[in-house]
Amino acid sequence: MLQNDWDEVLKVVFEGDGFKKFYSLVESEYKSKTIFPPKDYIFNALKLTPYKNVKVVIVGQDPYHGAGEAHGLSFSVQKGIKVPPSLKNIYKELENDLGITPIQEGDLSYWAHQGVLLLNAVLTVEKDKPASHRNLGWERLTDYIIKTLNNKEEPIVFILWGNFAKEKKKFITNSKHLVLTSAHPSPFSASYGFFGSKPFSKTNEFLKNSNMSPIDWDLKNNS
């Protein structure tokens, strides 16, 4: 299904009757409504960042609900799409934290290829209806993903922005991991603790102290 080690890690979920029933509901949504991301991109985060490569997890809420935006990575948009407000604020904090000048593109695949799992808690959404697929059933899968990552021997940095993401903190019990929490980068909340939180430098410092290679957060290096 995913063509990497996630297939084995998530086998118990994917082969269960509950997930098969749920996924048939998702497929019927795609047939009857306009749903994002495009169906081929639903599991993009898992496809681009194999289980064995995960060093950082950035938890998002649900996909962008505008045409052409979502492509299965939290906070990321497809090439050629205007950078959304939350991502603009992420870029601002990145510049403040590491001096990295923002780019005019919003595709974060470069981070994903380095081991940053850009995971939304809910993997689909109806057009122009934010959070419309919350409680549809995706949370069972994404909670399980967080639990399996918590069990990894290798240290991971979990970045939880906003109250929705912070709900996942209860699944992260392994003291080897680092959990960074702050306000959400949304324009409504970024000034209440997101700006100045320095998640990028804190992540790299932790990775280096764990004898792991840091993340190159500079998207201009994606060539």
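This is a predicted model: local features need pLDDT of at least 70, side-chain atom pairs count only at pLDDT 80 or more; totals for chains, interfaces and linings use all residues.
Residues are numbered from 1 along each chain as its sequence is written, and side-chain values use heavy atoms, leaving out hydrogens and water.

**Backbone points to look at**

- Most residues other than glycine have a negative phi, and most peptide bonds are trans.
- N135 has a positive phi near 70° without being a glycine, and with a relative accessibility of 67% this residue counts as exposed.
- Exposed means over 50% relative accessible area, buried under 20%, and partly exposed in between (1.4 Å probe, protein chains only).
- A131 sits in the loop between β4 (125-126) and α7 (138-150); here helices (H or I, at least four residues) and strands (E, at least two) are DSSP runs, numbered from the N terminus.
- Although A131 is not a glycine, its phi is positive, about 65°, and A131 is partly exposed at 30% relative accessible area.
- F36 and P37 are joined by a cis peptide bond with an omega of about -5°, and P37 lies in the loop between β1 (35-36) and α4 (44-48).

- All five of the five residues in β5 (residues 157-161) are buried.
- On one side of β5 the buried residues are V157, I159 and W161, and on the other they are F158 and L160.
- β5 pairs in the parallel sense with β2 (residues 56-60) over four bridges; two strands pair if DSSP finds at least two bridges between them.
- I58 has I159 as its bridge partner in β5.
- β5 also pairs in the parallel sense with β6 (residues 178-182), over five bridges, and the bridge partner of L160 in β6 is T181.

**The core**

- W111 and W138 have the most contacts inside the largest nonpolar core, which has 73 residues.
- Such a core is a set of buried Ala, Val, Leu, Ile, Met, Phe, Trp, Tyr and Cys residues joined through side-chain atoms within 4.5 Å.
- Not counting residues up to four places away in sequence, W111 touches I58, I90, L94, V116, L118, F200, D216, W217 and L219, where contact means heavy atoms within 4.5 Å.

**Helix α6**

- H113 is found in α6 (residues 109-113) and counts as exposed at 55% relative accessibility.
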